[in-house]
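Notebook open, model loaded. I'm jotting down what I looked up, one spot at a time.

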Amino acid sequence: QKRAFEIEYDCPNHFDVSCLPWLYYKSLDLSVFSPHAYLAPVITWGRYAETGGRLMMPLSLRLHHAVADGFHMARFYKDVGAALEGPTADPLALRP
């Protein structure tokens, strides 16, 4: 029987999410074992902290440039920011 990390997933529309709730970080460098073969995005967030009366939470997005560029990364952060501002009647309304 294979262990969970040995199982090969054949799912083209997936991404990895990682949470570091005990760590507030300002920078994160995520090394992937096979960087040229791994194209799925990786989203990581850490512990939130109050700074200047605002709650701040580190949020990192690792993207392989072969499948996305700065436009996609900017759109991700814009959508997350809009979602954190408050709920909308139509979640697709976050997109321009």
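I started with helix α1, residues 70–85: its 16 residues at 1.5 Å each should span 22 Å, and I find the end C-alpha atoms 23 Å apart, which agrees. The expected span is 1.5 Å times one less than the number of residues. Helices (H or I, at least four residues) and strands (E, at least two) are DSSP runs, numbered from the N terminus.

Ground rules for my notes: this is a predicted model, so local features need pLDDT of at least 70 and side-chain atom pairs count only at pLDDT 80 or more, while totals for chains, interfaces and linings use all residues. Residues are numbered from 1 along each chain as its sequence is written, and side-chain values use heavy atoms, with hydrogens and water left out.

Next, the helix ends. At the start of α1, a side-chain oxygen of Asp69 comes within 3.1 Å of the backbone nitrogen of Phe71. Just after α1, Gly86 has a positive phi of about 150 degrees.

Then I went to Ser60, in strand β5 (residues 59–62). I counted contacts as heavy atoms within 4.5 Å. Leaving aside neighbours within four places in sequence, Ser60 touches Tyr25, Leu28, Val42, Ile43, Thr44 and Tyr77.

Last stop was Tyr48, in the loop between β2 (42–46) and β3 (49–51). Is Tyr48 buried or exposed? Tyr48 is exposed, with a relative accessible area of 55%; the cut-off for exposed is over 50%. Tyr48 and Pro21 lie 27 residues apart in sequence, yet 7.8 Å apart in space, C-alpha to C-alpha.

Conventions. Buried means under 20% relative accessible area, exposed over 50%, partly exposed in between (1.4 Å probe, protein chains only). A polar contact is a pair of N or O atoms within 3.5 Å; within protein, one must be able to donate a hydrogen and the other to accept it, and residues adjacent in sequence count only if both atoms are side-chain atoms.
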